[in-house]
Structure formats: C-alpha cells, structure tokens
Amino acid sequence: MEDKDTVNFRKPEDFTLVMGTELLTEISAFTLQYDVLQLAVHEAFDFPTLINNIAMFFIDGYIAWNWPTVRAIPLSIEAQPNGVLCSTSGWNISAGNPSPLLKTNLVPIVESRICSKFYGDLTSDLICAGFEEHQPHDFCEGDSGGPLVCLGHLTGIILEGNSCARSQYLGLYVNVLYHYNWIVAKNKTFDYNYYSDYEDEEDNEIE
C-alpha cells in the first residue's frame, strides 16, 4: 500500500519493492526484492486536497507466510480511539541524508477537532497522529507511504512530510478504514493465479 502521490504518473517498471530488512543499503539472506506487475491507483485522487491519496502494488513474486522477516499487517476494521499509541516507520530523511537503519516512532492518535487547528477542516479520508505541544518523534521527508500501525492493525499511510517532528504540525495520514472497501475491491482485480506455481513450490518445501 502507498499514498498515490508517491506513485502518481509512474509505471510499474519504475518501482522495485524491497522488504525483510532494517538496513537501507545492505542485503541479507532474508531480504526480499520484487518488481511490480500492476499499480492500482485511486481514480478520484485530488492533489490540492490530498483526498483519496492511496495506491496498491501487485508484485512479481510470492511471499511465503512463514518468511522470518516479513509479516502481513491486518487492515483496521474499526476506528482507533483518540490517544492510543501507534507506531510509524521510515528512513527519516533529513537534509537529504536517509538513516542507514529503519527508524520506528510512537505517536498517539489525535482527534480531528485538534488536528483541524493545524490543517483546517479534514475530510474522513485523513487522520492525525502526533504530539500537539512538542513532537519528540514523527516522520520526515521520504517516509511517505509508510505505515501507521495501531493495536496491530494498519490504520494509516504516511503522507509526505515537510520536516521532522515540527511542533507546529501533527502528522497527517491516509485513513485506511475509510478506504477499506476500495482496497478490497481493487485487490479482487489482481490475478492471484499468477502465484500458483510459487505456492506449489512452498508446499513441496514444507513436505
């Protein structure tokens, strides 16, 4: 899952997905790397308002369920309560220099009324998380498309950051719950029969 602004005007061959590692430039035995076969972008994306800023990838490879360094994140099926602590992750790019190690931060969900003081009235498509008075942790430039995980569920998708942990701005995220039906519908358009050979190989390895 990505924010659409990250993939807008790009083709599947422009992307390579890397997962299963916390290191930016080093490849381990458990690192997975895939090309992208299809992009599903939201048809009603509006750049000025960032409404419907979401996209999905269909990758050229099967990720085994028992892979030691990759786990699926279930989608949120209910709104998360205000104040609950959630985790974000990214490379915290600052002054053009990304961290060599994947960073994780904890931020609380913030009610829309408070968030509106920073961004104006928000649509249901967006949610806020962070610290109003002081931002000890938050995402940075380059973290766009990363996850906001609350109580073990994918709750938000990071929008592009203007800087790191600015006290004047809370973190703004795409609301995954709002897009749940769109995600399910688009997922059904992907041809998962493509992975049948991979699944057979995995079954043979387990046996």
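Visitor: Is G171 buried or exposed in this model, and what is its relative accessible area?

Guide: Start with the scale: buried means under 20% relative accessible area, exposed means over 50%, and partly exposed lies in between, with a 1.4 Å probe and protein chains only. G171 has a relative accessible area of 1%, so G171 is buried. The model is a predicted one, in which local features need pLDDT of at least 70 and side-chain atom pairs count only at pLDDT 80 or more, whereas totals for chains, interfaces and linings use all residues. Residues are numbered from 1 along each chain as its sequence is written, and side-chain values use heavy atoms, with hydrogens and water left out.

Visitor: Where is G171 found?

Guide: Helices (H or I, at least four residues) and strands (E, at least two) are DSSP runs, numbered from the N terminus. G171 is in strand β9, residues 171-175.

Visitor: How many helices and strands does the protein have?

Guide: There are four helices and nine strands. Read from the N terminus on, the elements run α-β-β-β-β-β-α-β-β-β-β-α-α. Of the 207 residues of the protein, 39% count as buried.

Visitor: What is the accessible surface of the protein?

Guide: Accessible areas come from the Shrake-Rupley method with a 1.4 Å probe, and for residues only the protein chains shown count as cover. The total for the protein is about 11,800 Å², and 52% of that belongs to carbon and sulfur atoms.

Visitor: How many disulfides does the structure hold?

Guide: A disulfide is a covalent bond between the sulfur atoms of two cysteines. The criterion here is a pair of cysteine sulfur atoms within 2.5 Å. The structure holds two disulfides. One of them is formed by C86 and C150, with sulfur atoms 2.0 Å apart. The torsion about the S-S bond of C86 and C150 is about 105°, so this disulfide is right-handed. The pair links distant parts of the chain, 64 residues apart: C86 belongs to strand β4 (residues 85-90) and C150 to strand β7 (residues 147-150). Both C86 and C150 are buried.

Visitor: Which residue does a disulfide join to C115?

Guide: C115 is joined to C128, with an S to S distance of 1.6 Å. C115 lies in helix α2 (residues 112-119) and C128 in strand β6 (residues 126-129), so this pair ties together parts that are 13 residues apart in sequence. C115 is buried, at a relative accessible area of 0%, and C128 counts as buried at 1% relative accessibility.

Visitor: How many aromatic pairs are there?

Guide: A pair of aromatic rings is described by the distance of the centres and the angle of the planes. Rings of Phe, Tyr and Trp (its six-membered ring) pair if their centres lie within 6.5 Å; planes under 30 degrees apart are stacked, over 60 edge-to-face, and the rest tilted. By this rule the count is ten aromatic pairs. Among them, F30 and W67 are edge-to-face, with 6.4 Å centre to centre and 80° between the planes. This pair links distant parts of the chain, 37 residues apart: F30 is in the loop between β1 (16-19) and β2 (32-41), and W67 in the loop between β3 (55-59) and β4. F30 counts as partly exposed at 40% relative accessibility, and W67 is partly exposed at 24%.

Visitor: What kind of aromatic pair do F58 and Y195 form?

Guide: The F58 and Y195 pair is tilted, at 5.1 Å centre to centre and 35° between the planes. F58 is in strand β3 and Y195 in the loop between α3 (180-187) and α4 (196-206), which puts the two 137 residues apart. F58 is buried at 3% relative accessible area, and Y195 counts as buried at 7%. Ring pairs link F58, Y62, F190, Y192, Y194 and Y195 into a cluster.

Visitor: What is the order of the strands in the open sheet of three strands?

Guide: Strands of a sheet pair through backbone hydrogen bonds, either parallel or antiparallel. Two strands count as paired if DSSP finds at least two bridges between them. In this open sheet the order is β1-β2-β3, with antiparallel pairing. β1 and β3 stand at the edges, each with a single partner strand, so one side of each is left without a neighbour in the sheet. Four bridges join β1 to β2, and the bridge partner of M19 in β2 is L32.
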